[in-house]
Amino acid sequence: MIFLYIFLTLVALFCIVNGSEKERKKMYVHIGPSKTGTTHIQDVFARLKDKLYGKKICWPSMGSHAGKVFSQFADALDKNDTITCAKFRANIDKCLKEGKTVIISSEHFHYMPNFDAFFSFFNG
């Protein structure tokens, strides 16, 4: 229960909704500053990745089970690394196409100097 409390109270969530009510697709992006339990959240989701997938929740980690995979994604957005961003986009889109709810988490989003790139990626 404490995990859920931390998750709901210490995060910023962005919900991206597409399609009709019946076909609604969701993505939650956790932007947790350092020292707020972010690493624990990432480790739990990474550890439970396969079980969550069966519950229609996707932790799109590019084949890695490491919780910190999204720090690479944040760095790629900041550096305009289109190849790495395209890989993340493909994994996210695959999950959404399968009707999964996508969850992404990184404290690196909180410190991104180029936050416009973050919004462009998720709005595009």
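A residue is called buried under 20% relative accessible area, exposed over 50% and partly exposed in between, with a 1.4 Å probe and protein chains only. By that rule F118 is buried, with a relative accessible area of 1%, and 38% of the 124 residues of the protein chain count as buried.

The structure is a predicted model, in which local features need pLDDT of at least 70 and side-chain atom pairs count only at pLDDT 80 or more, while totals for chains, interfaces and linings use all residues. Residues are numbered from 1 along each chain as its sequence is written, and side-chain values use heavy atoms, with hydrogens and water left out.

Confidence is given as pLDDT, the predictor's confidence in each residue, from 0 to 100. The protein chain has a mean pLDDT of 76, and 73% of its residues reach 70 or more. Helix α1 (residues 2–9) has the lowest confidence, at a mean of 42, whereas α5 has the highest, at 91. Over residues 1–21 pLDDT stays under 50, and the model has 40 contacts beyond four places in sequence for this stretch; a contact means heavy atoms within 4.5 Å. Among the contacts in the protein chain with a separation of 6 or more, 66% come from residues 24 or more positions apart.

The secondary structure comprises six helices and three strands. Helices (H or I, at least four residues) and strands (E, at least two) are DSSP runs, numbered from the N terminus. In that direction the elements follow the order α-β-α-α-β-α-α-β-α. The three strands form an open sheet in the order β1-β3-β2, with parallel pairing. Its edge strands are β1 (27–30) and β2 (57–58), each of which pairs on one side only. Two strands are taken to pair if DSSP finds at least two bridges between them. For β2 and β3 (residues 101–105), the parallel pairing runs over two bridges, and T101 in β3 is the bridge partner of I57.

The disulfide joins C58 to C95, with an S to S distance of 1.9 Å. Because C58 lies in strand β2 and C95 in helix α5 (residues 82–97), the pair ties together parts that are 37 residues apart in sequence. C58 counts as buried at 3% relative accessibility, as does C95 at 4%. Another cysteine, C85, is buried with a relative accessible area of 11%.

The aromatic side chains come next. Rings of Phe, Tyr and Trp (its six-membered ring) pair if their centres lie within 6.5 Å; planes under 30 degrees apart count as stacked, over 60 as edge-to-face and the rest as tilted. The whole structure holds 13 aromatic pairs. One of them, between F118 and F119, is edge-to-face, at 5.6 Å centre to centre and 85° between the planes. F118 is buried, whereas F119 is partly exposed, with a relative accessible area of 33%.

A charge sits over a ring if NZ of Lys or CZ of Arg is within 6 Å of the ring centre and within 35 degrees of the ring normal. The charged end of R89 lies over the ring of F121, 3.9 Å from its centre. For K100, the charged end sits over the ring of Y53, 4.3 Å from the ring centre.

Note on methods. A disulfide is a pair of cysteine sulfur atoms within 2.5 Å.
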